[in-house]
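We will go stop by stop.

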Amino acid sequence: LVSLSLDPPLVGISVGRELALHELLKTAGTFGVSILRGDQGHVAQHFARGVPPLFLWEGMAVKDGVTGAPLLAEALAWIECRLWERYDAGDHSIFVGEVVAVGEGEPGAGLVYREHGYHAV
């Protein structure tokens, strides 16, 4: 996830073109990003498994965003976007989203991945 512009508010995500999620994003028109809490490394691992996108949501507490995108209910924050553009970049595509809604959960540390592991910061 990368911030691309303040006016209009744009963010970018990079997704491998061989992933099922890639095809879903191409046609969805909207997408949501859940910013994980520092103690949610197990959630990050769950979504990193590479199973089909519909099965990723099994057992996860979700809420519907204003765009209809599923969001992780216990996340630190949420960003919802309308698909602005898609750019091919090697074996990935960069999906640019116009931010249409944001939300905050309970304050706390965020989750980052570095040095082959998840850490709260």
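Helices (H or I, at least four residues) and strands (E, at least two) are DSSP runs, numbered from the N terminus. This is a predicted model, in which local features need pLDDT of at least 70 and side-chain atom pairs count only at pLDDT 80 or more, while totals for chains, interfaces and linings use all residues. Residues are numbered from 1 along each chain as its sequence is written, and side-chain values use heavy atoms, with hydrogens and water left out.

**Stop 1: the sheet**

Strands of a sheet pair through backbone hydrogen bonds, either parallel or antiparallel. Here, two strands pair if DSSP finds at least two bridges between them. Select β1, β2, β7, β6 and β3, in that order: these five strands form an open sheet with antiparallel pairing. Which strands stand at the edges? They are β1 (2-6) and β3 (30-35). Each has a single partner strand, so one side of each is left without a neighbour in the sheet. Axes are lines fitted to C-alpha atoms, for helices over the stretch in contact, and angles run from 0 to 180 degrees between N-to-C directions.

Next, select residues 77-89 and 92-104. These are β6 and β7, an antiparallel pair joined over twelve bridges. Pick R86, then find its bridge partner F95 in β7.

**Stop 2: a helix across the strands**

Select residues 20-28. This is helix α1, which lies across β2 (9-16), β3, β6 and β7. Helix α1 runs at about 145° to β2. Contact means heavy atoms within 4.5 Å.

**Stop 3: a cis peptide bond**

Go to the loop between β1 and β2, where P8 sits. The peptide bond from D7 to P8 is cis, with omega near 0°. Most residues other than glycine have a negative phi, and most peptide bonds are trans.

**Stop 4: the largest pocket**

A pocket is found on a 1 Å grid over the protein atoms alone, as an open set of points where a 1.4 Å probe fits, with protein on both sides within 12 Å along at least five of seven lines; lining residues have an atom within 4 Å of a point. The largest pocket has a volume of about 1,400 Å³. Grid points are joined across faces, edges and corners, and the volume is the space filled by probe spheres set on the points.

Select L21, G32, F47, L56 and W57. Of the 38 lining residues, these are the closest to the pocket's centre. Which strand gives the largest share of the lining? That is β3, with six residues. Colour the lining by class: 30 residues are nonpolar, eight polar and none charged. Ala, Val, Leu, Ile, Met, Phe, Trp, Tyr, Cys and Pro count as nonpolar, Asp, Glu, Lys and Arg as charged, and the others, Gly among them, as polar.

**Stop 5: an exposed leucine**

Select L54 in helix α3 (residues 53-56). Is L54 buried or exposed? L54 counts as exposed, because its relative accessibility is 73%. Buried means under 20% relative accessible area, exposed over 50%, partly exposed in between (1.4 Å probe, protein chains only).

**Stop 6**

Finish with β8 (residues 111-114) and β9 (residues 117-120), antiparallel strands joined by four bridges. Y113 has Y118 in β9 as its bridge partner. Zoom in on the loop between β8 and β9, where H116 lies. Phi of H116 is positive, about 65°, although H116 is not a glycine. E115 also has a positive phi, near 50°. H116 is exposed at 76% relative accessible area, and E115 is exposed at 68% relative accessibility.
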